[in-house]
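Here are a few exercises to work through with the model open beside you. Try each task before reading its solution.

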Amino acid sequence: MSARPLLDSVDCSSRYDATSSRRGDDGPTLPLDDIDRQIVEKRLLRKLDLRVAFLVLIYIMNIMDRTNVAAARLRGFEEDLGMTGNQFNTLISILYVGYLLTQTPSNMILNRMTRPSLYLSSCMIAWAAITVFMEVMKGVVQTYHAALVLRFFLGFVEAAFFPGALFLLSRWYKKNELGLRTAFLFCGSSISNAFGALIASGILGSLDGTLGFSAWRWLFFVEGALTIVVAVSAIWILPDFPSTPSVWLSPDEQTLAKRRMVEEVTAIEHEDKPEENFSGLAEVLMDWRVWWLGVALHLLVCSASFSIFFPTLSATMGYSATTSLLLCAPPWILGTATSFFVARHSDVTGDRFWHIVCPLLVGIAGFVIAISTMNTALRYLSLFFMAQSPVAYVVCLTWVMNTYSQSQSKRAAAVALINTVATSGFISSAYIWPSSWGPSYVNSYLICILASVVSIAMCWVFREHLSRCNEAAEAEEKVLGLPEGFRYLL
């Protein structure tokens, strides 16, 4: 894809503000012609990547606070709260009901703000407080229904983070940089699945009965307290938008950050139009591609639902609770490494579709192995194969942001709405893994295979649509004698 020509005669600050919130004057702008762009850009990305690394730490805590019930299940969580039947599955899915209600409005609000660092940090403090509440209020949280209410509100406040973080990344990085950074963020999920299990095994194995609290209550307290510490630090560490003055950037770096985003906006006519509140949401709701991608990602989520029950699947090999948690780490460590390679290769080649398909095929191979045998070694090998598939979700989300790159408001709405439809997959997929289907979980794996295949088919249809759009744009440019313009990534 060719880059946009530099708009040397254009005031980047005013153009950028027209696309975001039209916030006003950001101070003096240095002419880029007087700056050695390559050196400044390298310095800018280095500083930005360090702050994005802290965003990954937040996502690690986000996943740990969301999935710690899976580890607690191995040490009496269900028994202490008197759960029966599918009540544990309902406890898993109720979080995503609250999650669905908040994502889209949260991102639209975030698009109008100047301090996303403060907004995201506040949401993080709220969900950490709810996690701690499940431990300190021992007299309250001792029934299934009390835990159900807390899990709902946990999802309600957690929903602001992931789509908000994706939108924040898209406001700083260019198309050919976004895939790797999205994978960098999403690797927080794999790292959390790996090291969260190690932390949980230590807490559950050593603190049971301390001060009269059961081990799973200590798990919630320790992880919630750690999240609060990280959240308070995030207020000063997370980046805001490029149009917001930042003390950690020099004037030329701030100027270049805004200029880079102006160069990414390819539909110049949209830049000169003031964006009304929630105008992007109205456009997105009428765009069939948003719903198509949302369903495709919904199926991807269903196929990756094994990650929620990973400790349970590890326990089917017959080891103790502590050993089962420890065995969860290696597959996710390998999955994290693979995510970086796949995402980086996707950025370098400019291909999205095949970098979605290949990890899903590896995951399908893992499902087939798990269906075929109860042999301990082969079943553990299948977990390694399965842990490679979630990177497909990363690449697909990056594809979404690449496709909706022309308007900041529409991108914010598209990312949030697609992620909302996708996340709804967690509500239904929580019931894909009932205890009655264990320990083989053949039916569960068959559902995951079907979801993967249909998702691949939907992504192929979307790719063909974008290919035809590119061909139409190329034909129009030839007829009108125009230079090469925007092309969708395939």
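**A buried isoleucine**

Isoleucine 456 is buried, with a relative accessible area of 15% (buried means under 20% relative accessible area, exposed over 50%, partly exposed in between, with a 1.4 Å probe and protein chains only). The model is predicted, so local features need pLDDT of at least 70 and side-chain atom pairs count only at pLDDT 80 or more, while totals for chains, interfaces and linings use all residues. Residues are numbered from 1 along each chain as its sequence is written, and side-chain values use heavy atoms, with hydrogens and water left out.

**Exercise 1.** Find the helix that holds isoleucine 456, then list what this residue touches beyond four places in sequence.

*Solution.* Start with the helix: isoleucine 456 lies in H21 (helices are DSSP runs of H or I with at least four residues, strands are runs of E with at least two, and both are numbered from the N terminus). Next, look for its contacts, meaning heavy atoms within 4.5 Å. Leaving out residues up to four places away in sequence, isoleucine 456 touches Phe353, Val357, Leu360 and Leu361. Finally, check a C-alpha distance: isoleucine 356 is 100 residues apart from isoleucine 456 in sequence and 7.8 Å apart in space.

**Exercise 2.** Describe how H17 packs against H21.

*Solution.* First, take the geometry: H17 (residues 353-372) and H21 (residues 442-480) pack at an angle of about 165 degrees, their axes 10 Å apart. Axes are lines fitted to C-alpha atoms, for helices over the stretch in contact, and angles run from 0 to 180 degrees between N-to-C directions. Second, classify the angle: H17 and H21 are therefore roughly antiparallel to each other (under 35 degrees counts as roughly parallel, over 145 as roughly antiparallel, 65 to 115 as roughly perpendicular and the rest as oblique). Third, inspect the residues: the contact includes Ile356 and Leu360 of H17 and Val453 and Ile456 of H21. By class, it has 19 nonpolar, 1 polar and 1 charged residues. Here Ala, Val, Leu, Ile, Met, Phe, Trp, Tyr, Cys and Pro count as nonpolar, Asp, Glu, Lys and Arg as charged, and the others, Gly among them, as polar.

**Exercise 3.** Which helix has the lowest confidence, and which the highest?

*Solution.* H1 (residues 12-19) is lowest, at a mean of 34, and H17 is highest, at 95. Where pLDDT is low, the predicted coordinates should not be read in detail. For the protein as a whole, the average is 81, and 87% of the residues score at least 70.

Terms used. pLDDT = per-residue confidence, 0-100.
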